[in-house]
Amino acid sequence: MGGAAEHEPGAPTLGRVSGPAAPPDLRARARASGSLVARRALDQPLRRIGIGGAIVLLAVTAAFGGLREQAEDGPEKLAVDVPVAVAPFELTVHRVVWTTDLPGQYLSDDGNRWVGVVATVRNTSDAGVLGVTLQDALTLADVEGLVQEPRALVPGVRATSIALLEDGSSLSPVQPGLSYEAAFLFEQDGSVAPPTSATVLLQQHTWRSGSLDPTETWWDPTTTLRAALDVREARSDADEEAES
Amino acid sequence: MSTPAAPTPRVRRPTAQTLGAGAAVLAALAVGHVVVTAFPVDERVQASFLRPTVVGEPVELRYARLTAGEPSGSTVLDADDGSLLSTPGVWLTVPVTIEAVGQPRTFGFAELLGGDGRTYTVSTGGRSGFLPGTAQPGVPRYATLRVEVPPEALAGAHLRIGLEQKDQRRDDVADIDLGLTQADADAWAADDSPVVAGAWSDEPPEQP
């Protein structure tokens with residue numbers, strides 16, 4: 001028993017089938033109906049139906065811009081101290097630092113440290129935006145040992161908290177027309193060496209209603225700028241004065 | 001023995017009545033589309049019932065009687081929890097008295113419509129916040145709303161307060177004209193003595 005069955009010469013194989021794809025009884029009904037269109041359609045072989053379907057699909061996607069040349073090549077390079085528009089915000093990234101001690105901020109483990117992206121935040125829309133949207137707007141990548149896990153819908157790792165430099169409070173809501181100096185804080189495992197470089201990703205949102213909820217809000221964070229920036233240890237004002 | 005020939009499947013052709021019914025359905029859909037497009041009423045049907053009032057005047061809502069007190073402002077806010085909050089703009093505080101109607105009510109919605117045409121969000125937990133908790137019927141609840149805004153938003157600002165945080169459609173919303181002027185904005189923008197916005201209370205706040 002066994003052994004691969006071989007095809008007899010001239011026996012039909014699946015690859016050679018070129019007859020009509022529709023079952024005979026359906027074709028008989030189409031003939032009886034007298035409809036020329038139905039008869040012709042059901043007499044077509046499967047391969048021809050497949051090719052025709054693919055052509056129709058291509059034509060439909062082309063009609064909606066599917067063959068249009070790609071306008072964007074990917075995220076642009078982020079420059080330090082240059083304001084950039086990433087709706088609904090204007091963000092100016094100043095520096096990336098790390099520290100083990102920040103008043104008013106609590107690490108999940110005493111041995112951990114903060115990696116902070118210091119930036120100026122401005123809400124350029126005409127309404128206040130909650131901090132969760134701001135958390136999606138600036139994320140971090142290429143840093144080993146970040147405590148926060150990356151999320152499915154946002155590239156990179158979101159900040160654990162966003163603290164105002166002036167009073168340490170959490171920045172939410174972000175009101176329009178005001179400029180805030182803030183630190184996006186990412187907690188890093190203390191057993192890993194402090195980073196010397198980190199990739200900062202800036203995401204732009206789109207104002208639209210949800211698929212299930214007609215309420216309009218900011219959706220679809222999409223990376224429009226990114227850069228690998230140097231990371232240094234944070235210094236207090238007193239340290240900097242002593243050095244100068 | 002001969003087998004009887006299989007009956008030829010009968011094909012039902014659409015009757016004039018069926019075609020007419022189909023055409024009527026399509027015509028009804030087309031007319032409906034034209035009506036909805038020509039007379040967009042969705043926003044008006046779903047709009048909130050705005051109940052206008054001014055500072056010091058109670059407003060009757062479906063679910064509560066609400067009174068806004070005299071607004072205050074400064075560039076520093078005393079959150080009454082040991083922290084002082086600064087702002088690149090101006091802190092505006094508004095004391096609010098809530099008298100629940102019928103059953104316990106938890107207010108979850110507030111926003112400031114600035115005189116500059118922008119909307120300033122007031123969350124239930126954040127720098128700009130309003131957290132009055134649950135007001136019981138027969139027990140007035142006192143709470144202070146706080147919101148940070150650019151000084152140019154203050155003159156002509158209206159405060160809106162409602163029940164549901166996410167959805168105010170087809171429900172009462174208080175629309176309070178705060179009566180603020182540019183002189184108020186200028187004075188508060190130059191003032192760094194903290195304004196206090198403490199936690200909610202069932203005791204009336206002390207008068208200064």
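**Figure 1. A salt bridge joins Asp220(A) and Arg208(A) in chain A.** In this predicted model, the side chains of Asp220(A) and Arg208(A) meet with a separation of 2.8 Å from N to O. Asp220(A) belongs to strand β9 of chain A, residues 216-233, and Arg208(A) to strand β8 of chain A, so the pair ties together parts that are 12 residues apart in sequence. Asp220(A) has a relative accessible area of 32% and is therefore partly exposed. Arg208(A), at 27% relative accessibility, likewise counts as partly exposed. Over all chains, the rule applied here counts 13 salt bridges.

**Figure 2. Strand β5 of chain A pairs with strand β8 of chain A.** The two strands, β5(A) and β8(A), run in the antiparallel sense and pair over 4 bridges. Strand β8 of chain A spans residues 197-209, and Arg208(A) of the previous view lies in this strand. Within the pairing, Leu140(A) stands opposite Val200(A) of β8(A). Strand β5 of chain A covers residues 138-141. Leu138(A) and Leu140(A) point one way from β5(A), whereas Thr139(A) and Ala141(A) point the other way. All four of these residues are buried.

**Figure 3. Chain B and chain A meet at an interface.** On the side of chain B, 23 residues are in contact with 24 residues of chain A. The rule finds 10 residue pairs in polar contact across the interface. Three strands of chain B, namely β5 (84-100), β8 (119-122) and β10 (141-149), each supply at least two residues of the side that touches chain A. Of the elements of chain B, β5(B) gives the most to this side, with 6 residues. Sorted by class, the side of chain B that touches chain A holds 9 nonpolar, 9 polar and 5 charged residues.

**Figure 4. Gln175(A) reaches across to chain B from a loop of chain A.** Gln175(A) lies in the loop between β6 (161-164) and β7 (179-188) of chain A. With 0% relative accessibility, Gln175(A) counts as buried. Which residues of chain B does the side chain of Gln175(A) reach through polar atoms? The side chain of Gln175(A) approaches the backbone oxygen of Thr121(B) at 2.7 Å. A polar contact of 3.0 Å also links this side chain to that of Ser128(B). Leaving aside residues up to four places away in sequence, Gln175(A) touches Asn123(A), Gly128(A) and Tyr180(A) in chain A, and Tyr120(B), Thr121(B), Ser128(B), Val147(B) and Glu148(B) in chain B.

**Figure 5. Salt bridges that share partners join Asp167(A), Arg127(B) and Glu148(B) into one network.** The rule finds 1 salt bridge across the interface of chain B and chain A. Glu148(B) lies in strand β10 of chain B and Arg127(B) in the loop between β8 and β9 (134-135) of chain B, so their pair ties together parts that are 21 residues apart in sequence. Glu148(B) counts as buried at 0% relative accessibility. Arg127(B) is also buried, at 2% relative accessibility.

**Figure 6. A further salt bridge of chain B joins Asp202(B) and Arg141(B).** The side chains of Asp202(B) and Arg141(B) meet at 2.7 Å, N to O. Asp202(B) lies in the segment after β13 (195-196) of chain B and Arg141(B) in strand β10 of chain B, so this pair ties together parts that are 61 residues apart in sequence. Are the two partners buried or partly exposed? Asp202(B) counts as partly exposed at 36% relative accessibility, whereas Arg141(B) counts as buried at 5%.

**Figure 7. Leu154(B) is buried within a loop of chain B.** The loop that holds Leu154(B) lies between β10 and β11 (158-162) of chain B. The relative accessibility of Leu154(B) is 0%, and the residue therefore counts as buried. Not counting residues up to four places away in sequence, Leu154(B) touches Val90(B), Leu92(B), Val149(B), Leu180(B), Ala185(B) and Trp188(B). From C-alpha to C-alpha, Leu154(B) and Leu112(B) are 9.3 Å apart in space, and they are 42 residues apart in sequence.

Terms used
Residues numbered from 1 in each chain as written. Chains lettered and ligands numbered in written order. Predicted model: local features only at pLDDT ≥ 70, side-chain atom pairs only at ≥ 80, totals over all residues. Heavy atoms only, no water. Contact = heavy atoms within 4.5 Å. Salt bridge = Lys/Arg side-chain N within 4 Å of Asp/Glu carboxyl O. Polar contact = N/O pair within 3.5 Å; in protein donor to acceptor, adjacent residues only side chain to side chain. Nonpolar A, V, L, I, M, F, W, Y, C, P; charged D, E, K, R; others polar. Buried < 20%, exposed > 50% of the residue type's maximum accessible area, 1.4 Å probe, protein only. Pairing = 2+ DSSP bridges.
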